[in-house]
There are 4 protein chains.
Amino acid sequence: MSSNLTARAVTEFLGSCFLLAAIVGSGIMAERLSGGNAALTLLANSVATGAALSALILTFVSISGAHFNPVVTLAEAIRGRTAWRDVPAYLAAQVAGAFVGVAAAHIMFSLPLFFASRHARIGAGLLCSEFVATFGLLSVIFGCSRSRPSAVPFAVGAYITAAYWFTASTSFANPAVTLARAATDTFAGIRPADVPAFIGAQLAGALVATSLFHWLAPTRVDPMGERHS
Amino acid sequence: MSSNLTARAVTEFLGSCFLLAAIVGSGIMAERLSGGNAALTLLANSVATGAALSALILTFVSISGAHFNPVVTLAEAIRGRTAWRDVPAYLAAQVAGAFVGVAAAHIMFSLPLFFASRHARIGAGLLCSEFVATFGLLSVIFGCSRSRPSAVPFAVGAYITAAYWFTASTSFANPAVTLARAATDTFAGIRPADVPAFIGAQLAGALVATSLFHWLAPTRVDPMGERHS
Amino acid sequence: MSSNLTARAVTEFLGSCFLLAAIVGSGIMAERLSGGNAALTLLANSVATGAALSALILTFVSISGAHFNPVVTLAEAIRGRTAWRDVPAYLAAQVAGAFVGVAAAHIMFSLPLFFASRHARIGAGLLCSEFVATFGLLSVIFGCSRSRPSAVPFAVGAYITAAYWFTASTSFANPAVTLARAATDTFAGIRPADVPAFIGAQLAGALVATSLFHWLAPTRVDPMGERHS
Amino acid sequence: MSSNLTARAVTEFLGSCFLLAAIVGSGIMAERLSGGNAALTLLANSVATGAALSALILTFVSISGAHFNPVVTLAEAIRGRTAWRDVPAYLAAQVAGAFVGVAAAHIMFSLPLFFASRHARIGAGLLCSEFVATFGLLSVIFGCSRSRPSAVPFAVGAYITAAYWFTASTSFANPAVTLARAATDTFAGIRPADVPAFIGAQLAGALVATSLFHWLAPTRVDPMGERHS
């Protein structure tokens, strides 16, 4: 990762921006067109999100690592693959990019820049879902980046398309995404009051996955933060 | 395969757990949202299962070989690529992981931990389907791992997405999956009484595929169990 | 291609058999479940066929070349990449495999072994479609195998999924497939009387593509029939 | 890029022709079959277009670079990777191929060769959408071709499938495509009067992406126009 931090932060901003535009925009389009059939809406939303995520990782991975997700950045810092001094810039860029992406989707679909979601997402089932979704996402990233880094973009896109369906929460699995989705009262929205519990479950899932893979598939680290599997 | 047996068994457990969570969870979500349209339910279920399977194989293949399936483990033992002494741990991990995965799906969707399926799956057509599905699955694994091992995750995911549609049984093709799906009275369930015949047909299909590929595409084996194509 | 002709013919038989089981079986399943919505039926049919085709090519390409299609075998013979003396065995295996695949789908879905289709497919639009579909299929094979042979399985699967939708005939593009689909009175069927014109259009499309690529992207040929791009 | 200009222009013509046949043809088929459900129509249209685009790029990339899009050709000329003297032939081939592709779709579906669209596509939201869609498309091409050129066909296909959903305009992102889609009064059409603003927004998005990546991920250029990342 030889790029300078400014370029990498801009990249994290851009990628998070497009990721949220894809999540929120495809939800709006799918809900408008599906005539009330929620399965069709989620099918379009999940396929569009997974495809966009694969394309975005392929596009930006060589510049910033294509995290687009605070728990990925934190886990990579814990594993010694991202420098702790770079973490604040990554997190700020991800959150800012996510909100700008929501606004971009709203502008494209002629909606207000931001408007708070009223979509209640509460209950133990949904929090377990976010734990499982984030645990699984980091497992996929750790396992696949260890043995076949070039396949990570495909593995992550496929995993997210599936996780939209097999978790009860439709798999947010990303604190920046969760925050920004509170600012859209459309298909992808989440009520602001429900955000903290979602993020808590995501952090817990990420922590358990990081610990497990530390034992299961240790990565050697050298002082330069380079990867050795 | 230099990892120790404990790490490999944990990996088989985790992979089987996520595989069943994906199969059962996406079936629950799809049935809830599709308003009674069974084609839409199966479309979501088949896309989610295939995508999850590709992601899981990419994630875990370098640790345990990513079998997640007793007939795959048995076939690899017959072909000399998995040591017979490792087979019991693999099979136990797969079955345990499968049941835990079903429970995880039920927790996420706020259902009982386990509840027996009442979904009857009987008849010669379905048993022929399981024979064909398993014969095909092992053919894909044998053929693709011989010439392009790096493409196995994609080939297996694509095959299963297709086989959900082209077999009358929606292609279980896995004894651990079949056992665990008896413990869920949801879209993916199978009545416990129908499980033995399904597993019998799967074993038969696997045996014929193993014999055929032994002749069609022989694999050299050395005493260390390493692969030579 | 060092395999002996028997193994290669068996491989062409098996691949064509699974291809037809996938086309016909997924059509039956999709029509049964979709409640009369033809778009949903074709969506499942096209995704299942494309995914199955990618998996089958990955599985069998290193043994027989994974033609599964008489016009591909003929074109490869014209280009000097398949020996003319092998062509009769390939064609016989493809046609026999295709019919056995239709029978296998029928057995799985508890239908008669064979029953003639009554699905009329006539008119200039459909014949133009078969010309375009086959021209495109061979272009994809020629172009992609020249520059990136390892991507052919993905390119062909993606092309066929698309061509089911963008041609008016749903893109048969294969004489063995066309013959065998006359023996099933299900979603994928074609009235026997309409078969000859379809095959004629396919041969014409294949011939034009072969001539065009002979000029556009010439392949050197040596006396052993090996590929040099 | 050693091929002569005639072969490359023919390739751009063929690829643009198939791209438009795929876009327009799959739209016609999907609208005919979907019984008025616009989400199902767009799902088929987006999957078919993305799959076709991936297959076409894989097929033709080694001959002409597989631009099929005037803004891609212009951006590659600005970046010094396509010679300016070749640009007129590329653009002419792309526009001619696009119109012939529309005619081919019309012939296959037994419609008039050309007939002007009456589909109004106006408003700031749609123009912002075309800006975003084209900015994103060029970002994907620049970013992915810099670090992993072999993944460009997959990244572009996945991006377009997603962008059909997450932009309000369904992501034309291509002036040749936009011009030709004015000549079809079917699902994919655009009223001729709305074409200039769409093309203006596309050029703006392309220009901003080109400038941004010039700073973010500079490419060394030598006098032969060869790529160095």
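A crossing of two helices is left-handed if the near helix is turned anticlockwise from the far one by less than a right angle, and right-handed if clockwise. The model treated here is predicted, so that local features need pLDDT of at least 70 and side-chain atom pairs count only at pLDDT 80 or more, while totals for chains, interfaces and linings use all residues. Residues are numbered from 1 along each chain as its sequence is written, and chains are lettered from A in the order in which they are written.

**Exercise 1.** Describe how H2(B) and H2(C) pack, and which residues make the contact.

*Solution.* Start with the axes, which are lines fitted to C-alpha atoms over the stretch in contact, with angles running from 0 to 180 degrees between N-to-C directions. Helix H2 (residues 38-64) of chain B and its counterpart H2 (residues 38-64) of chain C meet at about 25°, their axes lying 10 Å apart. H2(B) is therefore roughly parallel to H2(C), a term for angles under 35 degrees. Their crossing is left-handed. Next, the contact (C-beta atoms, placed from the backbone, within 7 Å) involves B:Ala39, B:Leu40 and B:Leu43 of H2(B) together with C:Leu40, C:Leu43 and C:Ala44 of H2(C).

**Exercise 2.** Find which helix of chain A gives the most residues to the side that touches chain D.

*Solution.* The contact takes 34 residues from chain A and 31 residues from chain D. H2(A) gives the most, with 15 residues.

Notes. Two residues are in contact if their C-beta atoms, placed from the backbone, lie within 7 Å. Helices (H or I, at least four residues) and strands (E, at least two) are DSSP runs, numbered from the N terminus. Angles under 35 degrees count as roughly parallel, over 145 as roughly antiparallel, 65 to 115 as roughly perpendicular and the rest as oblique.
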